Amino acid sequence: MTLVIIFVSALLINNFVLAQFLGICSFIGISNNMTSSVSMGMAVTFVMVLTAVVCWPIYFLVLVPAHLEFLQTLTFILVVACLVQFVEMFIKKTSIALYDALGIYLPLITTNCAILGFALIAVTRNYSYLETIVYGVGSGLGYTLAMVLMAGVRGKLETADIPKPLQGPGIVLITAGIMALAFMGFAGLIK
Amino acid sequence: MLMAIIIMGGVAFFFSTVLVIADKKLRVEVDPRIEEIAALLPQANCGGCGFPGCKGYATAIVMNGAPVGKCAPSGAEVNEAIGRIMGVEVSERVRRVVRVHCRGAESVAARKALYVGIPSCQAVSMVQSGDKLCDWGCLGYGDCAKACPFGGITLGENGLPQVNEEVCTGCGLCVASCPKKILQLHGIDERVIVACRSEDPPKQAKSSCANACIGCGICARACPEAVEVKNHLACVKDPGGFSDECIAKLEKCPTGAIGPVDQGKAEALRAEGA
């Protein structure tokens, strides 16, 4: 049951983009196109799960026993950067089609605050290994959900007559704000 | 303190080792010619060659032996350079540019209704096939100008698109964007253009636009080799069939729908070797 609650909470209530405002840069940058939004969302989900798989053991089996919890930010950045690099090479070697789909998004994710934020939040909540992984899946899918919703809205915005000063990122941020308000409605879902 | 350095160093060392090994083991050999050719291409990703973007075309040339010289935006020089990389000869081809087949400016082609809505030709053409009296003519909402990745089309004061033939690369994106098929690709050496697409009967054509072709056939009698009238519309059947004398006779066209392309500009372009 805890796992389900963690999953739903990460997906809707504490949605990374619309409730915690992490990963906004890629959210604004890539949500203008449905296909690339889905690709980016999948890539983020993938990297989040990998981060969960690798960062949890490093934190609880290396940093905590050595009383070096203060190094978590530094370590996680290092780990995520190396991991993404490695995954990129691996995908390029094994599946060129997947590489073409995710390829340009993977390096973008290396420095994505959503990934680092995910790793930091997961360890402060003292989740178990399995819970961390479920939290990763939920967060990634939450990010994908927000991206896809935004891409849909932006598709409609294309034909709208937007005042000049608001064109581009301006109207997207306003839309994101309204979507975030709507997502606040999920707060009562789990007591 | 010492522990912190050792642990951080250890983690960093571990991951760098993994990366070094991965780089050796997982290296993918990419044909360096793909990168070379991709660097030569204009990176406009217009898709005019029929491949997904410039990178896609470069890959297709090297891996699948796609023909060199399909890239319209890059000039003969670039195509020759690509030919040198691949070791093949590139056949010389006439540069193609887009030309406007309508002279229905705001002042001569009346509108039948006031359109309020999405300002795009595609959208307007869905309502009663457009807001102009002439069902064939340019709607003037500038879809072509928006489609051009090179900024080669502007909407003139008269509401018609104006093509800058020096910038036009003949990629054909505007041709696809026009719901009325007003824009068409022509060899830059074609000298005569029928600037009308109306197949309406003469009376109707004349009443909806003062510059419409009424299918009178004066041009077809002046240049029987090159022009014919089909469906009340003059058509160029052989762009090479015009002689200087018969082009001079085209001035008799009562509406000016057929006439010589601005040759001074075309000559200047040919002299530049473009």
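**Close-up views of a two-chain predicted model**

**View 1. The contact between chain B and chain A.** The contact takes in 20 residues of chain A and 16 residues of chain B, with contact meaning heavy atoms within 4.5 Å. This is a predicted model: local features need pLDDT of at least 70, side-chain atom pairs count only at pLDDT 80 or more, and totals for chains, interfaces and linings use all residues. Side-chain values use heavy atoms, without hydrogens and water; residues are numbered from 1 along each chain as its sequence is written, chains are lettered from A and ligands numbered from 1 in the order in which they are written.

Between them, the two chains bury about 1,600 Å² (accessible area, 1.4 Å probe, that two parts lose on being put together, summed over both). Carbon and sulfur atoms hold 90% of it. On the chain B side, B:M8, B:F15 and B:L26 lose the most area to chain A, together 36% of what that side buries.

View 2. The side of chain B that touches chain A has 13 nonpolar, three charged and no polar residues. Here Ala, Val, Leu, Ile, Met, Phe, Trp, Tyr, Cys and Pro count as nonpolar, Asp, Glu, Lys and Arg as charged, and the others, Gly among them, as polar. Between chain B and chain A, the count is zero salt bridges (side-chain nitrogen of Lys or Arg within 4 Å of a carboxyl oxygen of Asp or Glu).

**View 3. A salt bridge within chain B.** The side chains of B:K55 and B:E35 meet in a salt bridge, at 3.5 Å from N to O. B:K55 lies in helix 3 (residues 53–64) of chain B and B:E35 in helix 2 (residues 32–40) of chain B, so the pair ties together parts that are 20 residues apart in sequence. Helices (H or I, at least four residues) and strands (E, at least two) are DSSP runs, numbered from the N terminus. Over all chains, the count comes to eight salt bridges.

**View 4. Two residues with positive phi.** Most residues other than glycine have a negative phi. A:F21 has a positive phi of about 55 degrees. A:F21 is found in the loop between helix 1 (2–13) and helix 2 (24–30) of chain A. For B:H232, phi is near 60 degrees. B:H232 lies in the loop between strand 6 (227–230) and strand 7 (233–236) of chain B.
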